[in-house]
Amino acid sequence: MFTLAQARYLVATLHPRIHELIAIRADLAELRADLAGSGMSALGGRAEVKALEARLHGVLEELNSHDIQVKGIAPVLLDFPGEHEGRAVLWCWLEGDPDVRWYHRVECGFAGRRPLR
């Protein structure tokens with residue numbers, strides 16, 4: 001369980017790794033598109049695809065090791081189990097948010113997101 005302050009601290013602390021995840025995701029998408037099209041890419045070939053996939057999984061494993069729930073990578077969506085007003089919630093961070101500013105009840109999912117007051 002995370003407090004809101006702990007969730008915000010982790011997002012701030014892990015921001016370099018999250019930015020790395022975003023860069024890897026973009027490189028991997030571009031490399032795959034190039035290889036599927038012309039079969040060539042300035043980013044490399046199949047070996048580079050495998051290396052990028054390994055780096056991506058490494059960042060995801062690191063996030064998971066902090067008990068962060070990675071709900072998506074395009075865009076990056078992170079949930080932190082917590083409690084708000086006596087209910088089980090997930091503090092929610094979406095790529096582009098400056099910090100954790102949303103939450104939703106566990107059973108409601110992303111569609112139930114509410115802004116923090």
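User: What makes V49, L52, E53, L56, V59, L60 and L63 buried residues of α3?

Analyst: This is a predicted model, in which local features need pLDDT of at least 70, side-chain atom pairs count only at pLDDT 80 or more, and totals for chains, interfaces and linings use all residues. Residues are numbered from 1 along each chain as its sequence is written, and side-chain values use heavy atoms, with hydrogens and water left out. Buried means under 20% relative accessible area, exposed over 50%, and partly exposed in between (1.4 Å probe, protein chains only). In α3, V49, L52, E53, L56, V59, L60 and L63 are classed as buried. They lie on the same side of α3, because they cover an arc of only 125 degrees around the axis, the arc being that of the directions from the helix axis to the C-beta atoms.

User: Which exposed residues does the face of α3 turned away from its buried side carry?

Analyst: That face carries A47, K50, E61 and S65.

User: How do you know that the span of α3 agrees with its number of residues?

Analyst: The expected span is 1.5 Å times one less than the number of residues. The 20 residues of α3 (residues 46-65) should therefore span 28 Å, and the end C-alpha atoms are 28 Å apart, which agrees.

User: Why is Y103 called buried?

Analyst: Y103 has a relative accessible area of 9%, so it is classed as buried. Leaving aside neighbours within four places in sequence, its contacts (heavy atoms within 4.5 Å) include H84, W91 and R113.

Key:
Helices (H or I, at least four residues) and strands (E, at least two) are DSSP runs, numbered from the N terminus.
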